[in-house]
Amino acid sequence: MVSSFQRYIINKTATYIVLWFLAAFLNFLLPRIMPGDPIGRYLETLYNMGQGTTGGIVQVVPEAEKLRQQVIEQFGLDKPPYTQFFLWLINFLRGDWGYSLAFPNLPPVIDLVKQYLPPTLMLLIPSLVISWVVGNYLGAYMALKGGKVDKIGLSSMQFISLIPAYWLIIVLVFIFGVYYKILPVSGKPGYMIPSLSFDYIKALLYHWILPMTTITLIGIGGWSIGMRAYVIYQLNANYMKYSKALGLPQRVLGRYAFRNAIIPQFIAFAMSFGGLFAGNLLVEMVYGYPGMGSLLSMILGRLDIFGMQAIFTFTATMILVANYVADIMYGFLDPRIRRGITEVVE
Amino acid sequence: MARDIVSKAQDLRLYYILPNNIYVKAVDGVNIEIPRGGFLGLVGESGSGKTTLAEGLLYLIDPPMIKISGKIFYIRKREGSSTEYETIDLETLPQHRLDQLRGVELSLIPQYAMDALNPTMKIGSFIKDVARYHGRDVDEILNRALERFKLLGLPSDILNRYPHELSGGMRQRTVVGISTLLNPKFLVADEPVSNLDVVQQHIVIDFLTELVEKKIVETLLMVTHDLHLILEKSRYLLLMYGGHIVETGSKEEVWSEPLHPYTKMFLESIPPVGSRIEEKRIRGIPGNPPDLRYPPPGCRFHPRCPFAMDICRRKEPPEIEVRPGRKVKCWLFVDRKV
């Protein structure tokens with residue numbers, strides 16, 4: 001006996017597993033068919049260590065060809081593609097994400113992620129939570145107030161949500177970093193090496209304020225516009241007219257509207273969560289904040305195919321997990337879907 | 001006199017505003033006095049403005065419906081007095097006092113009863129809210145709800161159900177129960193049986209009749225196009241056509257001596273109960289009801305009226321009070337009174 005809700009969960013699970021395989025396969029394939037010479041690029045990095053020059057190693061050094069063969073063998077790039085894929089996939093699942101070609105000392109990719117992910121999450125989780133809460137509150141307020149508040153509120157929120165993040169952070173840096181000189185102009189805590197030490201975290205917090213403000217502001221714009229639309233939709237529903245005809249006061253009607261409008265926002269929140277793990281590329285790059293976005297830009301710039309396949313697959317995994325959770329959550333938040341739990345399907 | 005009237009509208013115009021600034025003149029210059037007490041009927045074809053007028057009488061006016069002109073009064077016994085009545089202008093009443101009246105003294109069984117309930121709220125929770133915000137004892141009201149729901153043939157676990165767990169007919173009966181829960185003095189029932197099968201129709205009508213007979217509901221205004229039902233139950237009729245009230249009077253008067261040509265043709269258009277088709281030819285009214293965006297000038301009924309005169313096409317007919325409570329809006333009766 002399987003309830004329709006259980007069947008729904010099983011279907012979803014199967015779909016997401018297939019999607020994950022597809023994503024992993026594409027993340028394995030695409031870096032490899034990308035133009036460029038990843039091994040050559042790594043050898044260059046190796047050669048230029050401490051010399052400060054770049055370019056042309058492969059042509060210049062006669063041993064380069066030998067060295068290249070060595071690297072290819074060492075990383076198993078001479079094996080048939082499908083063997084490479086499955087070896088990589090199994091290792092990925094076991095937590096061995098390979099070695100990054102972006103750095104001369106070939107650090108394990110998973111160590112890089114462990115180092116760059118916390119600053120990103122420290123930036124993006126609070127900003128998502130704050131912008132979600134504030135945005136929903138503002139959106140509902142605009143919809144319930146109506147009139148001038150709504151008109152002015154909506155147009156300012158539309159303006160805020162459409163500001164490009166990289167532009168806003170430049171403006172904020174100019175105001176607070178250059179003009180008033182109260183906040184740092186760039187995100188890296190000086191020449192400190194990323195670690196979990198107290199000093200580093202303190203320095204990070206200081207550098208965290210501006211990108212955090214930027215991303216939160218823009219997020220508030222988006223969330224509030226969505227919430228406003230959902231609340232207005234609820235306010236026009238017939239059950240609202242009826243509740244009013246029975247003399248329920250405005251604040252109760254507002255509560256009903258909010259309760260029903262927040263359901264899709266919960267789902268959207270859960271779905272946004274997956275995207276956090278990729279970092280905010282533009283803001284991190286413009287501000288030089290040491291997060292996943294910065295790591296990704298280094299890895300892409302240095303043609304690090306091992307880094308790419310691991311980090312993209314990691315990001316895809318997190319997005320899929322978040323979407324999966326959102327899909328399941330829907331069933332629990334909306335009684336119309338939840339009903340399936342008690343319904344018996346032969 | 002005030003004691004005989006429960007609700008009154010003067011020169012009421014309620015329009016719907018469409019996106020391209022076109023008005024639908026759903027209620028266009030209505031003067032009525034709803035008599036106090038008993039089962040009353042507001043009758044008219046679909047699209048004649050019945051629902052708009054019904055909602056207007058309770059001052060349930062929300063965009064896109066707008067009030068162009070007119071006043072709406074509710075008349076009730078002054079608190080603490082058995083003989084004195086007070087007339088309340090619903091428009092000037094502060095919102096919180098209007099909310100206090102709604103559901104308690106003025107109530108509505110809406111036409112959209114099928115989706116009148118909050119989809120994410122159990123029936124019981126909603127009733128609790130209604131009781132709580134009207135300062136009633138929650139348990140007492142819940143018990144009363146269970147009794148009433150039983151009379152309406154609803155299952156006993158209904159308070160723990162969500163609206164989507166009920167059939168359409170059950171939802172409609174639930175709304176009938178909730179709308180009458182606080183024993184409103186003046187209840188407007190807008191097509192309360194339209195989506196029900198015959199058995200359920202009887203249950204609802206008997207339920208409402210009992211409330212009226214026991215004086216739990218003082219005045220019930222039934223909005224419907226079902227003439228059979230109205231002729232059987234109600235003591236007083238208001239006939240509506242094209243946004244106007246065309247005739248009012250007690251059921252006997254209207255039935256035995258319809259004045260307005262529309263009323264005559266409307267009454268002829270229904271087969272008498274028990275008649276066989278060969279015995280009496282059913283006659284419809286030729287033509288179509290007016291488009292309320294562009295109503296005809298003069299009398300709204302003149303394009304379909306066999307007695308239409310020149311003046312009917314040019315000037316809106318006045319309301320003629322034939323007897324107290326007996327009115328007709330037609331040029332044919334102008335000279336009779338003079």
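**Entry 1: helices 8 and 9 of chain A**

I note that the model is predicted. I recorded the crossing of helix 8 of chain A past helix 9 of chain A as right-handed.

I then listed the residues of this contact. Helix 8 of chain A contributes Ala165(A), Leu168(A), Ile169(A), Leu172(A), Val173(A) and Phe176(A). From helix 9 of chain A I noted several, among them Leu210(A), Pro211(A), Thr213(A) and Thr214(A). The contact residues comprise eleven nonpolar, two polar and no charged.

**Entry 2: chain A overall**

I found 15 helices and two strands in chain A. Of its 346 residues, 33% count as buried. I also looked at contacts between residues at least 6 apart in the sequence of chain A: 74% of them join residues at least 24 apart.

**Entry 3: the sheet of chain B**

I traced an open sheet of four strands in chain B, with the order 2-1-4-5 and antiparallel pairing. Its edge strands are strand 2 (23-35) and strand 5 (85-89), each pairing on one side only. The twist from one strand to the next averages 10°.

I followed strand 4 (residues 65-77) of chain B to strand 5 of chain B and found antiparallel pairing over five bridges. Tyr74(B) has Ile88(B) of strand 5 as its bridge partner. Helix 1 (residues 50-57) of chain B packs on the sheet and touches strand 1 (5-17), strand 2 and strand 4 of chain B. I noted about 125° between the directions of helix 1 and strand 1 of chain B.

Note on methods. Residues numbered from 1 in each chain as written. Chains lettered and ligands numbered in written order. Predicted model: local features only at pLDDT ≥ 70, side-chain atom pairs only at ≥ 80, totals over all residues. Pairing = 2+ DSSP bridges. Axes fitted to C-alpha atoms, helices over the stretch in contact; angles between N-to-C directions. Contact = placed C-beta atoms within 7 Å. Buried ≥ 20, exposed ≤ 12 C-beta atoms within 10 Å, placed from the backbone. Left-handed = near helix turned anticlockwise from the far one by under 90°. Nonpolar A, V, L, I, M, F, W, Y, C, P; charged D, E, K, R; others polar.
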